[in-house]
Structures are given as C-alpha cells and as structure tokens.
Amino acid sequence: MKVYINGKFYEKEEAKISVFDHGLLYGDGVFEGIRSYNRRVFKLKEHIDRLYNSAKAIMLEIPISKEEMEKAIIETLKINNLSDAYIRVVVTRGVGDLGLDPRKCSSPSIIIITDKIVLYPQELYEKGLEIVTVSTRRNIPTAVNPAIKSLNYLNNIFAKIEAIRAGCEEAIMLNQEGYVAECTGDNIFIVKDNVLITPPVYVGVLPGITRETVMEIAKTKLKLLVKEEPFTIYHVYTADECFLTGTAAEVIPVVKVDNRIINDGKPGEITKQIIKEFHELTRTTGVQY
C-alpha cells in the first residue's frame, strides 16, 4: 500500500510525519472519510467541500485547491489499484514547536490513505444492532463544534469506550439539554408513523454526507415526510424503526436500545428500502477513475 503525503507517495511502512506535527501533538487538523464503490468515488465533491469548510472553521488554509485535492485522491486510489475502498483524507496544522501557537506551524500536512474497511459484521446489517445511551455528552457547539470534522475525537472515543464496556458496538450521545444528538461515529434516524426524523445540526450533530443522502432518498424515492427536529431518548424507545448512517457504516438498522426492543425487534421495512436504494445509488453514481 502506498500513502500520499504532501504530494509524494510512500510505502505504508515509510509513511511518516514529524512528532512535532500539531495534528499529533494537539489534534489540530481536519479529516474526511470517503468511500469508493466499483471505481466510483461516492459523493466526492460533498466530502471535499466539507473538508474545506472544516478547515476554514479552524482557520487552517489547505495549500492545494479542491480540484488538486480531488486529483490527489483519485491518483492514490489508482496507484493502489483499489476498486472498492475507504479513503481517509487528513490535513493537519503541520510541524510547529511544543507550544499551542498555530502561527509556529510553517505549512499544513496533507495525508491520503486508501484501504479496505468493515465497520460492522454483515449479520448486524441483516439482524440489526443493539446500542446504548451513554453518559458522555456531545460537545457543545460553542466549545468544539460537532459540525467540524476535526482530529480531536476524544469526545467520541469516551462514548465509544462506554459502549464497549456495555458490550455494544455503538452508543447514542445526548447533548447538554438531553436531546439525542448522534452516535460516536454515525448519525441517527427514527421512523414514527411513516415520518422519518433525524436530529437537526444545531443540537450538536455532524452534517453527515450519508445523512443527507438518506434524507434525499426518503423524500424522492420513498415519498416520505422527512423532519429534522429535536427528540429525546423516549422517542427512540417508542419508534417504529431506528437506524444509523455514516460513510463507513453506510445504513445499519437498530433493533434494541438500552435493552428496549424497537417495535418487533427486526429491521423495519422503511429501513430496508432505504438500504436497498442507498446501495443502488453507490453502484450507479460517483466520480469514476
């Protein structure tokens, strides 16, 4: 495997950054996770736009254009001869000193890694996932804004540790007011009376690319009413269906939350339709390479 670092390719074992890079020292940087299917990069423009928006929010100027970034991603996929891949694009503040001052960092580091990824076993997509609500609250937007896909993921990792200790793969995080925000690495949806509902970005949510795709599928293909509105964990317990979305996770059903069985304990019909439509979209759209 070859890894792209600042315009050059390195073998996996030789792909290195400085220990003085502020991405390592302070989590000062941004990233994107992207998928390719059958040599088509899914929603590449949307991912690149979000990467540059995250960078702008933390006043990090990416030293190459969006067009150059797209070419670098495609080149990395080609050189590794991958048709189905997970793509991790990382932009750090760059090499500085041991202080916090970002002005001491001479130039950002750009890293592109392409590899395979399996987030959940296939059986969980068929039978559904069991998750828990954790005590770790989602970062408030006035601290580390969850809309920024930054390298500082400790908030999510704390929640992930709680999930693992509870014997689960994923966890629901509430915001400071007690509303459902998102999971450690996925957005969350519920279905109630044929209405699809997901938390709005302002409650402390990453504006997921898969989240947006699923809402569009629900509106245009399934002709469902889609709402972005706050809801509590009670509304998850009493939902007709529940599922999670994410670039790595795609769309995965949830059948039990905090030991409460969701409806009949099986993936719902709307969830299954969305999964089918999503897979069709990934097979037929995207930037070809």
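Is Gly 265 buried, exposed or partly exposed, and what is its relative accessible area? The close-ups below, all taken from a predicted model, begin with that residue.

**View 1. Gly 265 sits in the loop between strand E15 (260–261) and helix H8.** With a relative accessible area of 25%, Gly 265 is partly exposed, because that value falls between the 20% and 50% cut-offs. Setting aside neighbours within four places in sequence, you will find Gly 265 in contact with Lys 127 and Val 255. Leu 224 makes a handy landmark: Gly 265 and Leu 224 are 41 residues apart in sequence, and their C-alpha atoms are 22 Å apart in space.

**View 2. Helix H6 (residues 209–220) crosses helix H8 (residues 269–284) at roughly 115°.** The two axes come within 10 Å. The angle makes H6 roughly perpendicular to H8, and the crossing is right-handed. On the H6 side, look for Thr 210, Thr 213, Val 214 and Ile 217; on the H8 side, their partners are Ile 274, Glu 277, Phe 278 and Leu 281. Sorted by class, this contact has five nonpolar residues, two polar and one charged.

**View 3. Cys 183 is buried and takes part in no disulfide.** A search of the whole structure turns up zero disulfides. The relative accessible area of Cys 183 is 1%.

**View 4. Cys 105 is another buried cysteine.** Cys 105 has a relative accessibility of 11%, and it counts as buried because the cut-off is under 20%.

Note on methods. Residues numbered from 1 in each chain as written. Predicted model: local features only at pLDDT ≥ 70, side-chain atom pairs only at ≥ 80, totals over all residues. Heavy atoms only, no water. Disulfide = S-S within 2.5 Å. Buried < 20%, exposed > 50% of the residue type's maximum accessible area, 1.4 Å probe, protein only. Axes fitted to C-alpha atoms, helices over the stretch in contact; angles between N-to-C directions. Helix = DSSP H or I, 4+ residues; strand = E, 2+ residues; numbered from the N terminus. Parallel < 35°, antiparallel > 145°, perpendicular 65-115°, else oblique. Left-handed = near helix turned anticlockwise from the far one by under 90°. Contact = heavy atoms within 4.5 Å. Nonpolar A, V, L, I, M, F, W, Y, C, P; charged D, E, K, R; others polar.
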